[in-house]
Amino acid sequence: MYNFNYHRPKDLAAAAALLQANENAKLMAGGQTLIPTLKQRLASPSDLIDLSDVDGLSGIERKGKHVQIGAMVTHAEVAASAVVRRAIPSLAELAEGIGDPAVRHRGTIGGSVANNDPAADYPAAVLALGASIFTNKREISADDFFKGLFETALEPDEIVTSVCFPVPVKAAYMKFPNPASRYALAGVFVAKRAKDVRVAVTGAGESGVFRVPAMERALDKKFAAKSIESIKVGEEGLVSDLHAQADYRAHLIGVMARRAVEAALKAT
Amino acid sequence: MPKITLTVNGRAVSTEVEGRTLLVELLRENLRLTGTHVGCDTSQCGCCVVHVNGKAVKACTMLALQAEGARVVTIEGLAPDGAPLHPMQEAFRQNHGLQCGFCTPGMIMTAIDLVNREGNDLDDSTIREGLEGNLCRCTGYQNIVKSIAAGARAMKGKKRPAAA
Ligand SMILES: Cc1cc2nc3c(=O)[nH]c(=O)nc-3n(C[C@H](O)[C@H](O)[C@H](O)COP(=O)(O)OP(=O)(O)OC[C@H]3O[C@@H](n4cnc5c(N)ncnc54)[C@H](O)[C@@H]3O)c2cc1C
Ligand code: FES
Ligand code: FES
């Protein structure tokens with residue numbers, strides 16, 4: 001790991017100022033992705049801005065029909081949150097399935113969405129539930145946020161402050177984890193919302209998380225696993241690597257989607 | 001160099017580190033607490049697990065500077081030299097929960113964290129899920145799972161805050 005200057009600002013304005021002043025600066029949340037990246041020298045920031053002490057990035061709050069989660073809230077906190085368990089149990093379960101207990105104690109929701117790893121779990125929930133990402137500058141809808149492999153709509157000096165999830169009618173997440181890394185080979189989040197159904201897939205797409213409109217339309221008509229039995233997801237655009245071929249991932253998406261629908265129906 | 005102040009196994013520590021110094025390097029190299037091991041250095045094996053403010057973390061995946069002001073407990077903090085072993089350590093000894101012992105400090109710190117979160121009556125699947133981030137190349141895990149179940153029961157009532 002190359003050395004860097006370490007900063008620990010107390011508020012958002014100071015963190016943003018540090019980002020603006022140092023072109024090669026990087027933010028650090030839980031460090032569970034960034035520190036391994038630094039060790040591999042895939043990133044070599046001049047300055048590291050630790051968000052741990054920044055005010056206003058913690059806490060989980062129910063706000064009417066929404067649940068707002070601060071960017072620095074850890075996966076373990078989401079998994080254990082009574083507020084999340086009651087409003088969106090599928091989200092708590094998703095958080096509980098990320099990595100392992102030690103990773104969940106440090107990894108954060110803000111870091112996870114900002115990183116947009118194509119195999120990460122949160123992007124599927126954010127996209128399927130139609131969440132909003134709040135930053136120090138603006139609000140970005142999930143549909144506009146994820147831009148491809150590790151790419152998001154965030155500007156270089158933009159800081160995620162919270163993620164706000166609308167409470168769905170029913171929802172569930174099913175993940176087929178790579179047995180070694182625990183990352184998703186295919187993970188499907190199905191959300192039945194007041195007016196529509198959304199299905200988002202992670203782990204399988206060459207350009208990250210994506211929706212499956214054919215399944216959404218079918219589930220909109222009738223929310224049952226049978227409705228999507230005959231819907232095939234094409235191999236095009238799916239990842240083929242040493243862990244799984246595209247055709248296998250395409251098959252997994254169907255299986256995980258049906259299981260997610262069944263789990264969502266059972267949950268209520 | 002940046003300065004850092006923290007508590008390690010109940011002892012106040014103040015020292016200088018580089019930005020890039022990992023918590024595990026601070027523990028092993030600066031403080032000579034070599035019970036915390038580095039098996040992979042890629043966040044996979046869990047040999048480096050310590051408690052930071054009461055929670056299990058991988059010390060190879062945390063900067064020393066991120067532990068500023070924190071309370072850190074390592075395997076050495078569970079039982080002072082010459083004192084009886086911590087119930088979880090004793091359970092590993094009794095149940096043949098280790099062979100080469102390389103993974104053991106991380107296993108034990110992870111196990112105690114699991115008891116803190118899930119209580120003293122742990123079934124096998126809870127224990128196995130709790131060990132998701134810990135690898136052992138020797139035992140085949142059976143006796144580790146047995147040790148943790150026994151250690152968890154033995155910890156009942158003995159609210160012995162690890163190296164407070
Ligand atoms: C062993 C292991 C297993 C894992 N398994 C899984 C898994 O199964 N599923 C899964 O989804 N993830 C998994 N992860 C990743 C984990 O969830 C990370 O915690 C997460 O991806 C990043 O969160 P972080 O808080 O650690 O971010 P960091 O590593 O600190 O940062 C990640 C990136 O986001 C940027 N960033 C961080 N916070 C902000 C912010 N507030 N605003 C703007 N940019 C920001 C950083 O600059 C950096 O580029 C695993 C990690 C490890 C080490
Ligand atoms: S050395 Fe830290 S997880 Fe392996
Ligand atoms: S006892 Fe040898 S690695 Fe676990």
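Guide: A residue is taken to be near a molecule, or a strand, if one of its heavy atoms lies within 4 Å of it. The model is predicted, and local features need pLDDT of at least 70, side-chain atom pairs count only at pLDDT 80 or more, and totals for chains, interfaces and linings use all residues. Residues are numbered from 1 along each chain as its sequence is written, chains are lettered from A and ligands numbered from 1 in the order in which they are written, and side-chain values use heavy atoms, with hydrogens and water left out.

By that criterion, 30 residues surround ligand 1, and the closest are Leu27(A), Gly31(A), Gln32(A), Leu34(A) and Thr108(A). The site is shared between chains, because the residues that surround ligand 1 come from chains A and B. If Ala, Val, Leu, Ile, Met, Phe, Trp, Tyr, Cys and Pro count as nonpolar, Asp, Glu, Lys and Arg as charged, and the others, Gly among them, as polar, then the shell around ligand 1 divides into 13 nonpolar, 12 polar and five charged residues.

Polar contacts come next, a polar contact being a pair of N or O atoms within 3.5 Å; within protein, one must be able to donate a hydrogen and the other to accept it, and residues adjacent in sequence count only if both atoms are side-chain atoms. A polar backbone atom of Gln32(A) is 2.7 Å from an oxygen atom of ligand 1, and a backbone N or O atom of Leu34(A) lies 2.7 Å from an oxygen atom of the ligand. For Gly99(A), a backbone N or O atom lies 3.2 Å from an oxygen atom of ligand 1. Of the 970 Å² of accessible area that ligand 1 has on its own, the protein covers 94%, with areas taken from the Shrake-Rupley method with a 1.4 Å probe and, for residues, only the protein chains shown counting as cover.

In terms of secondary structure, where helices (H or I, at least four residues) and strands (E, at least two) are DSSP runs numbered from the N terminus, the elements that give two or more residues to the shell around ligand 1 are strand E2 (25-28) and helix H7 (109-115) of chain A. H7(A) gives the most, with four residues.

Gly56(A), in the loop between strand E3 (47-50) and strand E4 (60-63) of chain A, counts as exposed because its relative accessibility is 63%. In chain B, Gly35(B) lies in the loop between helix H1 (23-30) and strand E3 (49-52), and is buried, with a relative accessible area of 16%.

Terms used: Buried means under 20% relative accessible area, exposed over 50%, partly exposed in between (1.4 Å probe, protein chains only).
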